[in-house]
Amino acid sequence: FCTLMPLITLPTFICFALCRFIYTYLFVYSESVKPDMGGIFWTSQLQHIQLGLILYICLMTGVLLQRASTTTPGVLACCSAIYLYYSYRRFRHDLAWETLPFDLLQAYDSDAGTSRRIHRRLNYKQPELPEDKEPIATKDAKKDAKATKR
């Protein structure tokens, strides 16, 4: 809303500075680590931005219709809602973010040998776990050897 009242940027800056300080503390010290669910949250945030743009278009259309000497600026601002409608419709219906299209899935399957990343180590072991003295396969082999001797 700084296009209507530029002085609102000062309280907004203070609010965002306080939020940065508070949320930094929350992220680092108070919140526990949670699994990443970025997909659905990311798309819902993009939808909220588009809905906010609808409100902004309505606000600016009303302001331009009221303050301008002719209706031309308000009508031009209202025409941007047409583009936003098609963009929102395309985002909601045409964008496949939950599943891959079958053609892309086939392409990934055909390039399976070339597109995989190279592993730098053979396995992962959590640092908190104690070290094994000998591998499990060796322990099992010794047990099997003892069982066959009996």
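Visitor: Which residues is Ala68 in contact with, leaving aside its neighbours within four places in sequence?
Guide: Beyond those neighbours, Ala68 is in contact with Val63 and Pro73. The term contact requires heavy atoms within 4.5 Å. The model is predicted, so local features need pLDDT of at least 70 and side-chain atom pairs count only at pLDDT 80 or more, while totals for chains, interfaces and linings use all residues. Residues are numbered from 1 along each chain as its sequence is written, and side-chain values use heavy atoms, with hydrogens and water left out.

Visitor: What makes Ala68 buried, partly exposed or exposed?
Guide: Its relative accessible area is 26%. Buried means under 20%, exposed means over 50%, and partly exposed lies in between (1.4 Å probe, protein chains only). Ala68 is therefore partly exposed. It is placed in the loop between α2 and α3 (72–94).

Visitor: How do you know whether Gln50 is buried or exposed?
Guide: The relative accessible area of Gln50 is 13%, and Gln50 is therefore buried. This residue lies in helix α2 (residues 38–67). Leaving aside neighbours within four places in sequence, Gln50 is in contact with Leu84, Ser87, Tyr88 and Phe91.

Visitor: What does Gln47 count as, at its relative accessibility?
Guide: Gln47 counts as buried because its relative accessibility is 19%. It too is found in helix α2. Apart from neighbours within four places in sequence, its contacts are Tyr88, Phe91 and Arg92.

Visitor: What makes up the elements of the chain?
Guide: The chain has 6 helices and 0 strands, in the order α-α-α-α-α-α from the N terminus on. Both kinds of element are DSSP runs numbered from the N terminus: helices are H or I with at least four residues, strands are E with at least two. Of the 150 residues in the chain, 7% are buried. Among contacts between residues at least 6 apart in sequence, 57% join residues at least 24 apart.

Visitor: How many disulfides does the structure hold?
Guide: It holds 0 disulfides. For Cys15, the nearest cysteine sulfur, that of Cys19, is 4.1 Å away. A disulfide is a pair of cysteine sulfur atoms within 2.5 Å, so Cys15 is in no disulfide. The sulfur of Cys78 is 6.3 Å from the closest cysteine sulfur, in Cys79, and that is too far for a bond. Cys15 is partly exposed, with a relative accessible area of 40%, and Cys78 is partly exposed at 42%.

Visitor: What makes the nonpolar surface patch?
Guide: Leu10, Phe13, Ile14, Leu18, Phe21 and Ile22 make this patch of about 690 Å². Patch residues have over 30% relative accessible area and no salt bridge; like charges are joined within 9 Å, and nonpolar side chains (Val, Leu, Ile, Met, Phe, Trp, Tyr) within 5 Å. A salt bridge is a side-chain nitrogen of Lys or Arg within 4 Å of a carboxyl oxygen of Asp or Glu. One of the members, Phe13, is placed in helix α1 (residues 9–30) and is exposed because its relative accessible area is 60%.

Technical notes
Accessible areas come from the Shrake-Rupley method with a 1.4 Å probe; for residues, only the protein chains shown count as cover.
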